[in-house]
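Open your viewer and give each chain its own colour. We will walk from one chain boundary to the next.

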Amino acid sequence: MLALAATTIAILSVMALALARALKADTVYDRILGINMFGTKTALFIAVMGFLNGRPDFLDIAIVYALINFIGMIAVLRFFEYTAADDNQSIKE
Amino acid sequence: MSFIVDYYNYWIVVFLMMAGFYIVISATNLVKKVVGLNIFQTSVFMMYITMGKVSGGSAPIVAEGITSYSNPLPHVLILTAIVVGVATTAVGLALIVRIKRAYGTVEENEFEDKEDLI
Amino acid sequence: MAEFIDLVLLGMLAITALGVIILKDLFAVVMLFGIYSFLSALIFVNLDAVDVAFTEAAVGAGISTVLMLGTLALTGRKEKVGSHTSWLPLVVVVITGGALIYGTLDMPAFGDPNNPIHQHVAPRYIEESPKEVGLPNMVTSVLASYRAFDTLGETAVVFAAAIGVLSLLGLPKPDRRAVESGLKSHLVLRVVAKLIIPLTILFALYVQFHGDYGPGGGFQAGVIAAAAVILYALVFGLPLATHVVQPTWLKVLAALGVLIYAGTGVASLFLGGSFLDYNVLASDPVAGQHIGIIVIELGVGITVFAAMLSIFYAFAGQAEGKNIQ
Amino acid sequence: MILETISTILLLLGAFFGLTGAIGLFKFPDFFTRVHAASVTDSIAAILIISGLILRTDFDLVAAKLLFILIFLLLTSPTASHALAKSARHGGLLSLAETRANNQEASSTKEGNN
């Protein structure tokens, strides 16, 4: 139980750091990297939290998280393809 | 401490609601306004779900050995509200796309001199 | 522990909202809004609302983000900084917020089992629904049986929203000249997408039919199935996707879902019950409830799938059209 | 009991690797090293934490779902990182070494002109 709690807190801090990275990024890609990390850690967090609350049968939500995070990433990359011609100089913020 | 735990959720809900409200009334970009509306909307969802929680309760899916469940009614209301919210957001975004095509801009304060374009 | 997680997650949510206010790059704003949706879904899990979290993760974080990115591709990603001062909105917001905070002090304490909200109909749902409807998931029982009329209205709203978007933007023609599109240069991505798309569709079916026993149901399953096709369109290009799932079918499917739902109600009318009263659908009331719920969830799933996918097609068709020019 | 001990070790290791990855997001000098830090630790943390959790189940449907999540994460997370790095490369982002080399070249040509 203690291990689960410690893991939960560790994942929470990772999420906080990733959020900080996404908020305060040098380049657009750093922002996306932070968001991707946030998404994968969220899936893990839900899995751990299910065990912590003693009801591990809600893991479906973690699967959805992993899936949606991936689709979000692909959408972002696609978005770059569309707008790459418009603003080449905007990589640096 | 218990005072904070008792009301913390509501305070955050109010903060988010006001953040969304602020974006809606201060931003000039229509896409950002839609994001603001969505934040406002999520704060309302959060309010309902907060009210439905019972301390020591569990998710309202029957399982052996669990006696106390959280209130399922707010969950039902919000579940459908989320889907409808996204559907209406999509209509709003579609309108923005059309506005961009008709006026060439999505900045609210740039519309004024283009009224005869419609 | 649950309270601690609640405190931390809500704090992060507030910081994300502040970030949305401050940042001027709309692309960053949309990305942060994705994080915002993920975080709120986590909070819903922590507050026991697993079905809601499921929906928020799939719909809020997935579809909204994709649609907003599509809009940004068409309207440009930089917000122009307004020249006028913004103290007036701030004053309005602070005053309103102060009043609301004052109002929250009269709210019942968080999590108290004696709150008024838990006294009226909720105990009946919690105690009777497993016997009356026979499903372990109370949210599905209430959604699809006790409040089925409400859900019919919501499904109709989703259908109407899809019609609205289609009338504003129009669907892309499936037989348009094959444009060089999709993430052609990403070989790894294409292989992995091919692996993941069938798994996703399988998972959508699981969510659709397991929704009576665990978190899930028609709304979530429809969105996940739509997400699979959206992934296909993103990686392999819109022309191919519209060839596989044709827009004209989607129009029929969206209407068909609502028709199935309302038709179940009419069937129960003809069998001697009231509208959407599933007890009469079989000789045994509980079996009747079960049939009714599976059928209407299927209707909801079909409508949500078709509506979300046609909305995406409409936006993607616009973005692709702009890209060609 | 043994299973639980192993599970505890795995969980704590996973948490540790997750944290190092997050710190790496801030400590590494340029984007490509940061992708490396984030994606490698993401995968190892997912493997360790989820196998730690699997040891705590009764090896039933829950374990199967956890395995599914693990496969899903292992498929998507490195792919996303790869695609992101590739996209950054296409977008013209340079690694630190290249930026330095470019700067040196620029300054040396400047000196040459002078």
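Here is a tour of how the chains meet.

First, some ground rules. This is a predicted model, in which local features need pLDDT of at least 70, side-chain atom pairs count only at pLDDT 80 or more, and totals for chains, interfaces and linings use all residues. Residues are numbered from 1 along each chain as its sequence is written, while chains are lettered from A and ligands numbered from 1 in the order in which they are written.

**Stop 1: chains B and C.** Select both. Among the five pairs of chains that touch, this pair has the most contacts. Two residues are in contact if their C-beta atoms, placed from the backbone, lie within 7 Å. Here 84 residues of chain C contact 69 residues of chain B. Now highlight α3 (50–75) of chain C. α3(C) gives the largest share of the side of chain C that touches chain B, 15 residues. Helices are DSSP runs (H or I, at least four residues), numbered from the N terminus. Other helices of chain C that each supply at least two residues to this side include α1 (2–22) and α12 (285–324).

Colour this side of chain C by class. There are 57 nonpolar, 19 polar and eight charged residues. Ala, Val, Leu, Ile, Met, Phe, Trp, Tyr, Cys and Pro count as nonpolar, Asp, Glu, Lys and Arg as charged, and the others, Gly among them, as polar.

**Stop 2: chains A and D.** Select these next. In chain A, 39 residues are in contact with 39 residues of chain D. α1 (2–23), α2 (28–52) and α3 (60–83) of chain A each supply at least two residues to the side touching chain D. α2(A) brings the largest share, 14 residues. By class, this side of chain A has 29 nonpolar, six polar and four charged residues.
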